[in-house]
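Please look at the sequence and the three-dimensional model below, and keep both in view while you read the paragraphs that follow.

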Amino acid sequence: MLRIMEQQQERVQHAVAVGEQLTSSIHEVAQYAATVTNQTSEAVRMAESGKQVITLVMEEIVRSGGTFESIVHRFAELQRYLSNIENIVDLIHKISNQTHLLALNASIEAARSGEKGRGFSVVAQEIRKLAQSTKDAVQDIERNVEEVHSLTGDVADSIQTASKVIQKGIHEANEAFQFVTDLISRIVEINGIIRQITAVTRE
């Protein structure tokens, strides 16, 4: 009987020692879980801050894209106005040529008329000078229009390049936003599981 009691006592002591080790291990797990919970909570906070930054950047990119679209429309209007100017210059050029021919014909007719046509000849000469001045002015305008055309061509290329860059930026920002959103959801989910583990180990 005494021997059985000693064996029982040994077993109880062994069970107590195992229980203490188990309690210590569980306590250690609980501490680790609490630490991980705090770290994941901090990760969630940082990810939320990052999400806010990305949201602000996306809003700014979209706003810039809207402004850029407005510039594109204005530039298209400028090119239309330039085409209108070219048409008007072409018309003035034709009128100038016709005026020059009419003035030349008038001079010839005035010369045929002799003394009676002398006054008309002076007027015809002035008209011819005016037509020539108009022609010279039109040529200057044409040169300027060609230069503007060259510049607008370069600007059009730059606009297309910038438009592609902005669209790519918006696309990448959307992808980054979605990635961060998914990451936050995963971290929140993991944080919830770890909190449950912490609660269970404490119990």
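Of the 203 residues of the protein, 18% count as buried, where buried means under 20% relative accessible area, exposed means over 50%, and partly exposed lies in between (1.4 Å probe, protein chains only). This is a predicted model, in which local features need pLDDT of at least 70 and side-chain atom pairs count only at pLDDT 80 or more, while totals for chains, interfaces and linings use all residues. Residues are numbered from 1 along each chain as its sequence is written, and side-chain values use heavy atoms, with hydrogens and water left out.

The protein contains two helices and zero strands; these elements are DSSP runs numbered from the N terminus, a helix being H or I over at least four residues and a strand being E over at least two. Among contacts (heavy atoms within 4.5 Å) between residues at least 6 apart in sequence, 90% join residues at least 24 apart.

Which residues make up the largest nonpolar core? This core has six residues, namely Ala47, Ile54, Met58, Ala173, Val180 and Ile184, and the term stands for a set of buried Ala, Val, Leu, Ile, Met, Phe, Trp, Tyr and Cys residues joined through side-chain atoms within 4.5 Å. Helix H1 (2–113) and helix H2 (118–202) each supply at least two residues of this core. In soluble globular proteins, nonpolar side chains tend to be buried together. If neighbours within four places in sequence are left aside, valine 180 is in contact with Ala47, Lys51 and Ile54.

Serine 96, a residue of helix H1, is also buried, with a relative accessible area of 4%. When residues up to four places away in sequence are not counted, serine 96 touches Ala131, Thr134 and Lys135.

We can now turn to the charged side chains. The count comes to three salt bridges, a salt bridge being a side-chain nitrogen of Lys or Arg within 4 Å of a carboxyl oxygen of Asp or Glu. In helix H1, lysine 94 pairs in this way with aspartate 90, the closest N and O atoms being 3.5 Å apart; because the two residues are four apart in helix H1, they are separated by about one helical turn. Aspartate 90 is partly exposed, at 38% relative accessibility.

Glutamate 126 and lysine 129 form another salt bridge, at 3.7 Å from N to O, and, being three residues apart in helix H2, they are separated by about one helical turn. Glutamate 126 counts as partly exposed at 44% relative accessibility. Aspartate 140 and arginine 143 also meet in a salt bridge, at 2.1 Å from N to O, and both lie in helix H2, three residues apart, about one turn of the helix. Aspartate 140 is partly exposed at 37% relative accessibility, and arginine 143 is partly exposed at 45%.

Finally, Leu101, Leu104 and Ile108 make a nonpolar surface patch of about 240 Å². Patches are made of residues with over 30% relative accessible area and no salt bridge, like charges being joined within 9 Å and nonpolar side chains (Val, Leu, Ile, Met, Phe, Trp, Tyr) within 5 Å. Leucine 104 is found in helix H1 and is partly exposed, with a relative accessible area of 33%.

Notes:
Areas by Shrake-Rupley, 256 points an atom, 1.4 Å probe, with all protein chains shown as cover.
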